[in-house]
Amino acid sequence: MAITLLVATVVVFLVLEILPGDPASFMLGMEAQEDTLSALRAQMGLDQPALVRYFKWVLGLLSGDLGISYTYDVPVSELIIERIFVSLPLAILAIVLSTVIAIPLGVIAASRHNKSSDLIIMGFSQLGIAIPNFWFAMLLTIVFAVMLRWLPAGGFAGWDAGFFPALTSLLLPTVSLALPQSAILARVTRSAVLEVIQEDYIRTARAKGVSRGSALWNHALRNAMIPVVTIMGLQFSFLLAGTIIIENVFYLPGIGRLIFQAISQRDLIVVKDLVILLSAAVIIINFIVDVLYAVIDPRLRGSGHA
Amino acid sequence: MPNRFQEVFQEGLQHRNFIIGGTITSAFFLIALMSYVWTPHSIEDINIAVKFAKPSGDFWLGTDHFGRDIFSMLVVGARNSVIVAFVAIGIGAGLGVPLGLVAAAQRGWTDELIMRVNDFTFAFPALISAIMITAILGPGAVNSIIAIGIFNIPVFARIARGSALGIWEREFILAAKSAGKGQVRISLEHILPNILSILIVQATIQFALGILAEAGLSYLGLGTQPPAPSWGKMLKEAQTLIHMAPQLAIYPGLAIAMTVLGLNLFGDGLRDILDPKLRRSR
Amino acid sequence: MSLLEIENLSVSLPTPKGMLELISNVSFSMEAGARLGIVGESGCGKSLTALAMMGLLPDKAAARGAIRLNGENLLELDEKMMRSIRGNRIAMIFQEPMSALNPVKTIGSQISEGLKIHLGLNKTDAENKTKKLLDSVGLPLNRFPLNLHPHQLSGGQRQRVLIAIAVACEPDILIADEPTTALDVTVQEIILELINEITENSGMGLIMISHDLGVIAQTTEKVLVMYAGNAVESGSTEDVFQHMAHPYTHGLFAAMPKSGTRNYEARQRLYSIPGQVPEAHARPKGCNFAGRCFKATAECAVEEPVLKPLNGKHKVSCFHPLTEGNPQ
Ligand SMILES: Nc1ncnc2c1ncn2[C@@H]1O[C@H](COP(=O)(O)OP(=O)(O)O)[C@@H](O)[C@H]1O
Ligand SMILES: [Mg+2]
């Protein structure tokens with residue numbers, strides 16, 4: 001885990017600090033004044049050798065000192081903390097909502113294999129996979145903000161404005177992230193369940209007098225969760241990518257919008273830190289997935305008997 | 001005999017996927033090709049006088065805020081999507097398949113190394129690498145192709161390796177080995193033809209993902225740059241006009257969804273036909 | 001009225017070759033506490049017969065005839081009624097102990113599940129009963145706590161757990177489908193003894209399914225020989241073993257390694273029935289076994305033999321039985 005993250009820092013550093021040649025003139029563009037350039041060079045410590053800069057950066061990351069944003073002129077850590085309270089709730093809500101929708105649908109489709117409800121659910125899932133989330137977001141905006149005027153078309157009320165107003169501004173973004181995700185997840189759940197219900201132990205359960213439904217939910221589902229959790233882990237990186245787009249659709253002041261703005265303004269200091277932050281998030285999720293495997297499947301817990 | 005009927009019915013369903021998907025996909029390619037020789041209007045025709053026109057015999061899907069013909073823009077946008085997704089698959093398969101074949105042929109530490117690097121690239125969100133690349137190279141169609149192509153490499157490497165490993169165990173490989181053929185020749189002459197159908201199916205899936213990714217990048221302004229039209233960019237422009245002309249947001253999104261749906265159905269059907277073993281397990 | 005009466009049971013299943021009748025007109029009956037064996041080569045329909053009794057045939061299967069438990073035709077019961085019988089009045093042990101237990105659930109919860117469903121026991125009572133059950137199948141609590149998972153047990157131990165699951169609610173009939181086939185030779189004997197002991201002690205009826213005549217001899221009083229979906233011979237185990245009447249039964253015996261033929265060469269010379277079981281879609285007219293039978297005549301290829309009494313309770317479906325039966 002730590003090693004992957006370390007490799008990520010090297011890659012990011014190479015791409016963003018070495019590749020552009022002189023990062024300062026890259027950030028400021030052609031028409032930069034010589035004195036602003038040298039001021040930025042000094043701030044970024046560009047007079048030092050690359051190796052020293054790299055270690056300073058990594059040590060800074062470890063101690064929480066992420067440098068000062070050039071465009072915002074505030075510590076990057078402050079920018080991140082401010083925005084993570086938008087992005088993290090959004091990501092969590094989206095994961096929860098997509099799971100809550102996808103797993104029951106997948107199980108129902110599997111239990112009615114090849115019957116009409118299965119075909120309908122799988123049809124919707126095909127649609128969900130084909131629809132880009134930002135277009136879905138725009139459709140939701142048209143219906144609920146433009147036509148019905150029930151919800152805001154964008155912007156974030158801020159948590160200071162109260163729990164519910166803030167939650168309301170996250171509603172459409174959450175749904176537009178979650179539904180396309182759940183289309184894929186429902187598919188995976190269905191095929192995992194279909195596979196598991198062929199297993200001998202399902203027949204053993206039925207032979208005890210367990211009902212079809214109970215065999216499905218109590219015996220099959222947990223075994224089927226292993227491939228489902230794997231896909232959920234993989235989906236997380238798609239979800240991060242999704243938040244970048246969706247935050248831009250709804251003008252939400254989150255990490256995704258920050259990274260997008262930092263790129264437009266060529267603020268490499270912020271970009272560098274954010275890419276590492278997102279990689280760390282992906283790596284942490286992979287770790288959580290491994291932990292979940294062990295929770296689901298006792299065979300992966302080590303410690304044997306007899 | 002209701003069961004026999006059901007089987008025939010299901011068989012038909014699977015072919016239906018292939019037929020519907022194939023029709024949509026070929027229509028998409030034909031339209032993209034057609035855009036080189038003919039579009040109803042030139043997409044550079046800016047005519048404010050007819051802005052936000054309703055669909056009519058002249059402007060089949062109406063016009064946008066500059067009075068440009070939406071249908072023509074969609075048609076040229078299709079061409080753009082095809083090129084980006086196609087070249088990105090070229091990059092992904094061109095580098096990924098050889099890597100996968102080498103990993104499967106060599107096994108041992110070469111395999112280990114290739115697959116580790118692979119996992120790392122894969123875990124890295126595609127959009128994030130795309131963002132890094134565009135941050136340095138600047139936004140543009142070529143750079144979004146590179147970004148999507150890089151994302152495709154581990155996908156092809158993984159699937160090539162996985163299916164090649166199975167083929168290496170087969171008897172005719174033993175025969176080829178004892179005929180004195182080297183790993184490279186066996187990989188090219190025996191392994192590759194045998195995993196081709198799986199690779200083709202994967203390519204249709206990556207094609208669909210590539211179209212989605214391109215749309216996302218140009219929506220963010222990181223992909224195709226004006227004045228070249230792209231579906232993602234049309235959506236971006238529609239977004240700023242969402243209160244005034246919500247209809248502008250409908251067509252490009254529909255175009256993306258239809259195309260991706262068609263490609264996915266086509267891929268599913270193709271898999272059923274090329275690899276009947278997989279049919280039941282879906 | 002017997003405890004269990006199977007009458008003209010036929011089972012058809014959808015296969016890639018269409019709907020096929022895999023079991024045809026099988027009849028037998030069994031008294032409370034009796035011990036019946038079903039024997040035959042693999043693929044002759046033993047497991048399907050058992051699954052039909054459990055009401056666990058594949059979804060699209062069609063079963064005709066009657067399976068009467070205390071006079072009640074199980075084939076006519078709805079799923080809810082059938083559920084109250086499964087695991088409660090008829091229980092079953094399957095062939096593959098390695099895959100027949102749910103890997104993510106503890107053995108305790110898998111055993112107590114049936115107790116909760118059928119006996120309505122609460123958590124503590126179910127737990128206590130589970131502990132007793134584990135002990136009775138030879139898994140003492142000090143070494144085998146309830147929270148073990150299946151992967152922590154050996155094949156033989158898992159089969160013991162499966163036996164505990166099956167006998168938990170003291171069913172009237174225990175069906176054991178090749179319970180030792182997948183086990184090491186060394187534990188096979190022990191598991192059979194355990195099944196014998198448990199069923200005898202509690203007066204449970206036993207249906208032992210096996211391709212192995214040795215297993216049948218060790219555990220049963222009556223036996224039914226099946227071939228290609230038909231019952232071809234039945235009677236007391238003693239009669240059938242001593243005076244086998246069907247050429248197929250004879251073949252099964254000839255193919256069985258005799259005790260004493262331990263060495264490799266002797267086994268190599270072992271007799272095997274020529275030819276193969278005709279597949280369900282290619283069953284001939286007349287007697288299914290005719291193509292492989294050394295006694296077959298023209299008549300056998302035309303007319304289908306039915307199971308008829310040979311002598312008292314010993315029945316055979318053959319035009320040319322090898323014996324007149326036990327002359328008593
Ligand atoms: N689910 C099924 N679908 C189709 N054919 C089956 C199925 N189960 C069993 N069969 C067929 O039915 C026949 C009898 O099977 P089975 O009862 O398992 O035999 P046995 O237990 O005597 O070895 C075999 O020819 C087998 O191929
Ligand atoms: Mg069997």
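1. Which residue of chain C forms a salt bridge with A:K208, and how far apart are the closest N and O atoms? The partner is C:E113, and the closest N and O atoms of the pair lie 2.8 Å apart; a salt bridge here is a side-chain nitrogen of Lys or Arg within 4 Å of a carboxyl oxygen of Asp or Glu.

2. A word on the basis of this note: this is a predicted model, in which local features need pLDDT of at least 70 and side-chain atom pairs count only at pLDDT 80 or more, while totals for chains, interfaces and linings use all residues. Residues are numbered from 1 along each chain as its sequence is written, chains are lettered from A and ligands numbered from 1 in the order in which they are written, and side-chain values use heavy atoms, with hydrogens and water left out.

3. Chain A has 12 helices and 0 strands, where helices (H or I, at least four residues) and strands (E, at least two) are DSSP runs, numbered from the N terminus. Along its principal axes, the C-alpha trace of chain A spans about 80 × 60 × 35 Å. Of contacts in chain A between residues at least 6 apart in sequence, 71% join residues at least 24 apart, a contact being heavy atoms within 4.5 Å.

4. The contact between chain A and chain C takes 25 residues from chain A and 31 residues from chain C. The area buried between these two chains is about 2500 Å², with carbon and sulfur atoms giving 55% of it; buried area is the accessible area (1.4 Å probe) that two parts lose on being put together, summed over both. Between chain A and chain C there are 3 salt bridges, and the pair A:K208 and C:E113 forms one.

5. The contact between chain B and chain A takes 39 residues from chain B and 50 residues from chain A. Chain B and chain A bury about 3800 Å² between them, 80% of it on carbon and sulfur atoms. Of the area that chain B buries against chain A, B:F120, B:M132 and B:I136 supply 16%, more than any other three residues.

6. A:R149, in the loop between α7 (133–147) and α8 (163–196) of chain A, has a phi near 60 degrees, a positive value in a residue other than glycine, and A:R149 counts as exposed at 65% relative accessibility. C:N70 lies in the loop between β4 (62–69) and β5 (72–73) of chain C, with a phi near 50 degrees, again positive in a residue other than glycine, and C:N70 is partly exposed, with a relative accessible area of 39%.

7. Finally, B:I198 sits in helix α7 (residues 183–220) of chain B and is partly exposed, with a relative accessible area of 29%. Leaving aside its neighbours within four places in sequence, B:I198 is in contact with B:I159 and B:S163. B:I198 and B:I159 are 39 residues apart in sequence, and their C-alpha atoms are 8.1 Å apart in space.

Definitions and conventions: Buried < 20%, exposed > 50% of the residue type's maximum accessible area, 1.4 Å probe, protein only.
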